[in-house]
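Please look through the structure below with these notes beside you. The points are meant to be read one at a time, each with the model in view.

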Amino acid sequence: MPITYTNAHVNEVPAVYIIHENADWTGPLFAALDAIGVAYHDWNLANVNIDLSKNAPAGVFYNRMSASSHTRGNRFAPEMTAGVLAWLEGQGRFVINGRQALHLEISKMIQYAALRHAGLNVPQTVVAITAEDIIEAFSSFGGKPIITKHNRAGKGLGVALFRSKPALVEYVNGEDFDPSVDGITLVQRYIASPEQLITRVEFVGRKFVYAVRVDTSNGFELCPADVCALDASTCMADADQRFAFDIDGSFSKSALGQLLIPKMQDVMAREGLDVAAFEFITDEDGVPYVYDINTNTNYNSDAEQRAGISAMAVLASYLGSKLANIEVKAAA
Ligand SMILES: Nc1ncnc2c1ncn2[C@@H]1O[C@H](COP(=O)(O)OP(=O)(O)O)[C@@H](O)[C@H]1O
Ligand SMILES: [Mg+2]
């Protein structure tokens with residue numbers, strides 16, 4: 001059933017509208033909203049029919065569009081979302097993770113520009129479109145290992161490690177090579193983490209929620225969502241806990257946390273991100289490199305249960321508080 005939107009909705013009570021394209025990822029959020037009695041509507045923008053001449057409903061609009069939508073058959077959902085967010089923003093609707101956030105979600109190049117602006121280290125990255133230029137990029141790294149990845153990615157699309165140029169040539173010219181949906185491949189310095197882990201820092205409403213450490217000793221961590229842990233074909237994270245997620249309760253007080261958190265919050269403020277996760281990796285000299293920002297964030301329930309925290313509950317209550325503001329304004 002498409003979202004068919006007409007003026008008949010105008011008199012509806014204000015609600016939180018969840019904008020997304022993947023029903024598998026909305027269940028935990030809907031449950032958290034139900035648990036605290038926040039009214040919401042499911043706006044799956046893979047399937048829409050919206051009359052742009054009508055007024056948007058009253059409420060809070062939370063954009064969770066994903067950069068990897070094309071891998072679920074929803075190739076044009078981000079383009080549709082950009083237009084719908086413009087329609088909402090043009091009518092002064094309160095949008096969480098608006099158009100600017102969407103641009104950043106679907107381009108690592110845009111993420112890296114924002115990270116650098118805030119003074120965060122990003123691994124050296126060369127961008128290229130043609131096979132020839134991707135191969136040529138290898139020479140920029142002084143023979144050190146590199147990893148390739150898609151500019152529009154999520155869930156580790158196109159992530160592969162190369163220690164030599166011939167191996168890269170074989171991959172790029174071979175059948176396994178899968179170009180990014182936007183045509184841009186990143187060739188990036190491979191950061192070898194002596195601890196074999198990456199850290200993902202979660203924010204809701206630009207406030208730090210927690211940092212989760214992810215064991216990468218068996219390969220690359222790709223996605224923390226519970227649904228991905230069950231479905232190897234979606235996300236490559238094994239059901240047998242191949243990638244252990246652990247919340248680091250001391251991160252915000254640590255020297256590293258104190259250095260990184262305010263800079264990440266700067267990125268959020270400048271780029272209009274309200275809900276986001278930043279991933280970083282620390283090299284053998286202890287230098288942290290941030291390499292990914294996720295605006296469509298998912299949480300690992302095993303790690304959360306052990307730590308006694310639920311980011312989804314924090315998110316639901318944040319959405320509820322924004323909705324309460326709208327209701328107060330409407331009544332005033
Ligand atoms: N420069 C890097 N050095 C080492 N490992 C990396 C690097 N970039 C990415 N990885 C690994 O690959 C995973 C996926 O890469 P990422 O940039 O997060 O792409 P995606 O947007 O698809 O999640 C990361 O979580 C990390 O484990
Ligand atoms: Mg990532």
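1. In helix H2, the buried residues are Ala-77, Pro-78, Thr-81, Val-84, Leu-85, Trp-87 and Leu-88; here buried means under 20% relative accessible area, exposed means over 50%, and partly exposed lies in between, with a 1.4 Å probe and protein chains only. The model is predicted, so local features need pLDDT of at least 70 and side-chain atom pairs count only at pLDDT 80 or more, while totals for chains, interfaces and linings use all residues. Residues are numbered from 1 along each chain as its sequence is written, chains are lettered from A and ligands numbered from 1 in the order in which they are written, and side-chain values use heavy atoms, with hydrogens and water left out.

2. Helix H2 covers residues 77–90, and its 14 residues reach 20 Å from the first C-alpha to the last, close to the 20 Å expected at 1.5 Å a residue (the expected span is 1.5 Å times one less than the number of residues). Helices (H or I, at least four residues) and strands (E, at least two) are DSSP runs, numbered from the N terminus. Just after H2, Gly-92 takes a positive phi of about 70 degrees.

3. Ten aromatic pairs are found in a search of the whole structure, where rings of Phe, Tyr and Trp (its six-membered ring) pair if their centres lie within 6.5 Å, and planes under 30 degrees apart count as stacked, over 60 as edge-to-face and the rest as tilted. The rings of Phe-30 and Tyr-40 are stacked, because their centres are 4.6 Å apart and their planes are at 15 degrees. This pair links distant parts of the chain, with Phe-30 in helix H1 (residues 23–35) and Tyr-40 in strand E3 (residues 40–44), ten residues apart. Phe-30 is buried at a relative accessible area of 12%, whereas Tyr-40, at 23%, is partly exposed.

4. One aromatic cluster is formed by Phe-203, Phe-208, Phe-251, Phe-278 and Phe-280.

5. Which residues coordinate the magnesium ion (ligand 2)? They are Glu-279 (OE) and Asp-292 (OD), at 2.0 to 2.4 Å; donors are N, O and S atoms within 2.8 Å of the metal (3.2 Å for Na, K and Ca), and water is not among the atoms, so sites may look incomplete. The two residues link distant parts of the chain, Glu-279 in strand E14 (residues 275–282) and Asp-292 in strand E15 (residues 288–294), 13 residues apart, and both Glu-279 and Asp-292 are buried.
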